[in-house]
Amino acid sequence: MITLIYRHLKLFLKNPANIVLSFLSSLVILSLYFLFVRDFTIKAVGDYGFVSDYNNLFVDRLMTSGLLIVIGATSVLSIIFIFVKDHYSGVVKDFLVTPVSYIKIVYSYFFAAFIVSMVIPLFVYFGIEAFFVFAYQDVSSFSTVIFSVFIIFCSNIISSLLMLIVALMIRSFTSFSTFETLYGVVIGFFTGVYIPIGYYPTIIRNIFFYFPLCQTTSLLRNIQTDAITSIILKDYPKGQHNLLYETFGVHLSFHHQTFTINEQLWMIFIVIILLNLVFLFLLQIKRRHLA
């Protein structure tokens, strides 16, 4: 399986356009934020009555956390595209001639997608951290960095599994290409990156609550903004604390019940297990069709 993972990564790296476009898409997402979303969000925080010298820092931490999840979610698509191409061109059937099982063959694409989805967001993450040091003299603690990397890790496992499940369910190469384009557009809205989650109607927020990347975005925002919100909210009553957290996606609530970090972590672990089970189930069905 290691040989297959190496093969997928080599195919990804063989085409310079894959690398350029991966980093270019990250740059585009960050540029869209700084050009169009940043000023609106900073103003929105002020309009809710929170006035502080730390508002800009809070919003930048808040939104770049969401952008990191989106970058990881879209980075997996290049490898999944290779899987779809291999599947419909018959390359996967050729692999079955080898002693490697079908499950290991498909999981090799998962691990390759996960590796790519970790490298690019981590590169962007440490670039963003350097930006906060130079622009705000704000240095994250070691524990914040470790927990942030862990959340990105979990988020990219989910993204890789989700996209492979979709790839196994879609029946044509053209359909996946269409889905890939649509997914890249809507993922920012699903995670509350382009529009703060509190601006959506209640029914939409309740639906997004079940989207696992919305949970990982919330967790990353929580750890990234923890020190700042304690400063911004020190002169405000508890009720306004909840308003800020829920409106801007630091905390997620479902039917007016706010979930704790531990509860969200358990939800993420359960989602990873469930996605693996669904993935294995679809693999068995697909394997019978290939036989």
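Modeller: Helices (H or I, at least four residues) and strands (E, at least two) are DSSP runs, numbered from the N terminus. This is a predicted model in which local features need pLDDT of at least 70, side-chain atom pairs count only at pLDDT 80 or more, and totals for chains, interfaces and linings use all residues. Residues are numbered from 1 along each chain as its sequence is written, and side-chain values use heavy atoms, with hydrogens and water left out.

Biologist: In which loop is Q137 found?

Modeller: Q137 has a positive phi of about 55°, although it is not a glycine. Most residues other than glycine have a negative phi. The residue is found in the loop between α6 (102–136) and α7 (142–169).

Biologist: Is Q137 buried or exposed?

Modeller: Buried means under 20% relative accessible area, exposed over 50%, and partly exposed in between (1.4 Å probe, protein chains only). Q137 has a relative accessible area of 60%, so the residue is exposed.

Biologist: What is the handedness of the crossing of α1 and α6?

Modeller: Helix α1 (residues 2–14) packs against α6 at an angle of about 50°, with the axes 8 Å apart. Here axes are lines fitted to C-alpha atoms, for helices over the stretch in contact (heavy atoms within 4.5 Å), and angles run from 0 to 180 degrees between N-to-C directions. A crossing is left-handed if the near helix is turned anticlockwise from the far one by less than a right angle, and right-handed if clockwise. The crossing of α1 and α6 is right-handed.

Biologist: How many helices and strands does the protein have?

Modeller: From the N terminus on, the elements run α-α-α-α-α-α-α-α-α-α-α-β-β-α. The secondary structure therefore comes to 12 helices and two strands.
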